[in-house]
Amino acid sequence: MAKSAPVPDALTDAQAFVDSHRDEGTTELFGITELCREFGITLRALRFYEDKGLLAPRRVNGARVYTRRDRARLALILRAKAIGSPLSEIKTYLDLYGDHGEGRAQQLQYVITRTDNEITELEKKRAQIDATLAELRVINGSCRALLIERQRKHKVKA
């Protein structure tokens with residue numbers, strides 16, 4: 001059985017800092033591994049979002065410590081990615097919020113405009129897909145009928 005690598009002091013200090021805040025009955029702070037586990041993402045992904053300016057965790061002795069705000073932002077990032085939003089749009093949306101929610105109305109208007117446009121585009125694509133499916137069904141039906149006719153003629157000759 002392999003021994004686990006020793007935990008760096010900075011990570012231990014950061015976890016102690018997070019734990020000390022929990023002792024006060026709050027869950028204001030989260031460690032990096034805790035968020036990764038909760039959201040099913042890798043440490044690399046979380047650091048990537050940080051590098052792109054989407055998250056800004058606190059540092060405790062060099063270790064990342066995330067706030068409730070960071071956690072909420074991560075949930076929004078992952079939800080937006082799941083529906084195909086590019087990181088640039090996600091950053092725009094998150095930046096609209098402001099430091100204390102003063103941009104919430106602009107954020108909501110941005111989402112309304114963005115989703116209206118996306119719904120319109122998807123409806124156009126669906127109409128194109130429906131037209132293509134209809135054409136394929138006609139072609140498929142014609143080919144089946146020709147094949148049946150051909151097979152019938154070959155049986156008659158045999």
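**View 1. The β2-β3 hairpin has two residues between its strands, and N61 there takes a positive phi near 50 degrees.** The model is predicted. N61 lies in the loop between β2 and β3. Its phi is positive although N61 is not a glycine. Most residues other than glycine have a negative phi. β2 and β3 run antiparallel and are joined by three bridges. V60 stands opposite A63 of β3.

**View 2. Three strands form an open sheet in the order β1-β3-β2.** The pairing is antiparallel. β1 (29-31) and β2 (58-60) are the edge strands, and each pairs on one side only. On average, neighbouring strands are turned by 40 degrees against each other, direction ignored. Helix α4 packs on this sheet and touches β1 and β3. The direction of α4 makes about 80 degrees with that of β3. Strands of a sheet pair through backbone hydrogen bonds, either parallel or antiparallel. Here, β1 and β3 (residues 63-67) run antiparallel, with three bridges between them. F30 stands opposite Y66 in β3.

**View 3. Strand β3 is covered on both faces.** Five of its five residues are buried. A63, V65 and T67 sit on one side. R64 and Y66 sit on the other. T67 counts as buried at 16% relative accessibility, because the cut-off for buried is under 20%. Beyond its neighbours within four places in sequence, T67 is in contact with E28, L29, F30 and R58.

**View 4. R64, in strand β3, makes a polar contact with E50 through its side chain.** The two side chains are 2.5 Å apart at this contact. E50 is one of the buried residues of α3. R64 also touches G31, I32, R47, P57, R58 and R59, not counting residues up to four places away in sequence. Which C-alpha separation goes with the 31 residues between R64 and T33 along the chain? The C-alpha atoms of R64 and T33 are separated by 9.7 Å.

**View 5. Y66 is among the residues that touch the most other members of the largest nonpolar core.** This core has 17 residues. L46, Y49, L55, L74 and I77 share that standing with Y66. Helices α2 (32-39), α3 (43-51), α4 (68-82) and α5 (87-96) each supply at least two residues of the core. Not counting residues up to four places away in sequence, the contacts of Y66 include L35, L46 and L55. Y66 also touches E28, L29, F30, G31 and I32.

View 6. What do the buried residues of α3 pack against? Their partners are α2, β2, β3, α4 and α5. Just after α3, G53 takes a positive phi of about 80 degrees.

**View 7. D70, in helix α4, reaches the backbone of T67 with its side chain.** The distance from the D70 side chain to the backbone nitrogen of T67 is 3.0 Å. T67 itself is placed in strand β3. Is D70 buried or exposed? D70 is buried, with a relative accessible area of 5%. Not counting residues up to four places away in sequence, D70 touches L55, A56, P57 and V65. D70 and L55 are 15 residues apart in sequence, and their C-alpha atoms are 6.0 Å apart.

**View 8. S85 is found in the loop between α4 and α5.** At 14% relative accessibility, S85 counts as buried. S85 touches A80, I90 and R114, with residues up to four places away in sequence left out.

Technical notes:
Residues numbered from 1 in each chain as written. Predicted model: local features only at pLDDT ≥ 70, side-chain atom pairs only at ≥ 80, totals over all residues. Heavy atoms only, no water. Core = buried A, V, L, I, M, F, W, Y, C linked by side-chain atoms within 4.5 Å. Buried < 20%, exposed > 50% of the residue type's maximum accessible area, 1.4 Å probe, protein only. Helix = DSSP H or I, 4+ residues; strand = E, 2+ residues; numbered from the N terminus. Contact = heavy atoms within 4.5 Å. Pairing = 2+ DSSP bridges. Axes fitted to C-alpha atoms, helices over the stretch in contact; angles between N-to-C directions. Polar contact = N/O pair within 3.5 Å; in protein donor to acceptor, adjacent residues only side chain to side chain.
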